[in-house]
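Colleague: I have just opened this one. Can you walk me through it?
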Amino acid sequence: MSHAFHYLDDVAIADLAFDASGDSLQELFQSATCAVIEALADPTTVGSTWRQTIERTAEDPAELLFDWLSDLVYWKDAAGVVFNRSDLTLTRQDRGYWKLTGLLYGEPVNGSVQTLRADVKGITKHLYEVKQEDMRWHARVVVDG
Amino acid sequence: MKLNTEMQVNQISDELWEIPTSEKEGMLVPARIYATPAILQSMDVGVFEQVTNVACLPGIRRYALCMPDGHWGYGFPIGGVAALDVRSGVISPGGVGYDINCGMRLIRTDLIREDVQPHLDRLMTELFHRVPAGVGASGFIRLDRLSFEDVMVHGARWCIEWGFGWHRDLDAIEEGGCITGADPSKVSDQAVSRGINQLGTLGSGNHYLEVQVVSSDRIRDKETATAWGITGQDQIVVMVHCGSRGFGHQVASDYLKVFERAMRRYGISVKDQQLACAPFASVEGQDYFSAMNCAANTAFANRQVITHQIRKAFATVFGRPAEEMGMELVYDVAHNIAKVERYSEGELVVHRKGSTRALGPGSPDLSPRYRMTGQPVICGGSMETGSYLLVGTEGAVRDTFASTMHGSGRTMSRAQAKKAARGEQIQKQMKQRGILVKAVSMSGLAEEAGFAYKNISEVVEAVDRAGITKTVAELRPIGNIKG
């Protein structure tokens, strides 16, 4: 994966924070998704035998990103999986709503073959922001780990 | 003295500092920070901002407090304490934390280091096998929804009923391991799905299971230590740090959303989104309190099941029943919780986030076993430096709503710690120093390096000198399991 995100050294002393960006909102969502996936485990060590489609709509893209990233954390525990990648599309709907369709790929946790990292437990609103600046979308996310 | 804030910070005593209400618009009470001058100087700007934000919450009484292990959290600082009136005040998930009833548990043994050292590798392997840790770990207990609801309502009592512990364990758990008022109908299906398979698991991050040694020269209060079965002479004890896992996190996330909407309805504004709150007496406030109690009870049950597994691991390795090895529970404390307690101001909902209840001798809220001594307070340090056993005091009841520190507190972010050292290197160095570490994630191990934490001895000294707890014993690690 080579999406635009980097983990932050000086934010969220006890947990994990990252900045993600993209030329479009969809690219931003993909970058932020990769940041969460890579925080959980090295995706190159994770297979894709498990799949889950997720659809969400929201008026505010910041809320949509927050809910989508929270979905990743939810499925990690509910299905006991870590992720390899996600394919997602973001489309503008009527009345200003955004619709996200995401397909998550992963496999059940298996520490003997996967390089596991942090057990991300929640997406927080601490310092959370999604903004467009200089024609590029940016998000700052602090996750509780 | 140079501090990481422009606010006026007045010295009240050698270990107590106060930020007056004039320093931030909306502060209803002063903010008080317990710290030595050196600790205060090292505190990040977030502590000062967040503790003064907490001082603005409707219905707060006396002071917003921060303990010496305080650092930047979400909404409340870690180490934060606030007591709010049950009629006019609010309840805030930000004052409890995502990991509801994250807490500490200490188990004593009759074993000494000489008994354990030759078998330490096997013991740690057995513990690592029996107590799952790390990302996505699930426990050995399989529950249906109704049984999981029983866990939410009955907490550690459910475990005893099902054979995961001894009846007398309940006397050694805060609230007897079962908080009343838990209502599973206030918990989402998502929270249930996340938590139903996680009973008996450690998690990751700063959660751990540690085999420790208590040497006689590290016991500061022999009388109290003896009363709790801590005898020194290189005695082996086991410490557990974990909470309600994904279940509690989902409860917190669910209700932060509910409270964002509720604040608009009740006309409440807060300085930070993570302080989202609702009147304690409102439907939303009571629903959260009921759901939070479900998570708190589940955390008590989680630590109880882990205790059962620890006893089984010791029995397997040493070939004797756990009872014969004196594996009694010293105590179990919550350090992320909100509870209704009575003080001179009346009934208050006391939020402790990274802070431990510290009831003094004679407290009617303690089981008879601890009424003479006061409540044990278990404080975890970094995996390299050791931990402490303290005792609650009347001073804490008088000054801090019976609250004290919970651990050492970080000074370095996880990302910085990972850049400074590799997990494999830390594991090797610790082995050379006589501490055997088993970790699911090497990057997770690097995040928990000792240099990323404050010196716990300085933190303990601060609360001891402030009189809000007294030091009983220092515990040194010889084996550690991390997620």
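Colleague: What follows helix 5 of chain B?
Modeller: Gly155(B) comes after helix 5 of chain B, and its phi is positive, near 55°. Helices here are DSSP runs of H or I with at least four residues, strands are E runs of at least two, and both are numbered from the N terminus. This is a predicted model, where local features need pLDDT of at least 70, side-chain atom pairs count only at pLDDT 80 or more, and totals for chains, interfaces and linings use all residues. Residues are numbered from 1 along each chain as its sequence is written, and chains are lettered from A in the order in which they are written.

Colleague: Which residues in helix 5 of chain B are buried?
Modeller: Phe148(B), Val151(B), Met152(B) and Val153(B), in a helix that covers residues 145-154. Buried means 20 or more other C-beta atoms within 10 Å of the residue's own, with C-beta atoms placed from the backbone.

Colleague: And what do they pack against?
Modeller: Helix 6 (156-161), helix 7 (189-195) and helix 10 (283-318) of chain B.

Colleague: Switching to the interface, how many residues of chain A are in contact with chain B?
Modeller: 32 residues of chain A, against 34 residues of chain B. Contact means C-beta atoms, placed from the backbone, within 7 Å.

Colleague: Which element of chain A gives the most to that side?
Modeller: Helix 2 of chain A, with five residues.

Colleague: Tyr74(A) is in that helix. Why is Tyr74(A) called buried?
Modeller: Because 21 other C-beta atoms lie within 10 Å of Tyr74(A).

Key:
Two residues are in contact if their C-beta atoms, placed from the backbone, lie within 7 Å. A residue is buried if 20 or more other C-beta atoms lie within 10 Å of its own, exposed if 12 or fewer, and partly exposed in between; C-beta atoms are placed from the backbone.
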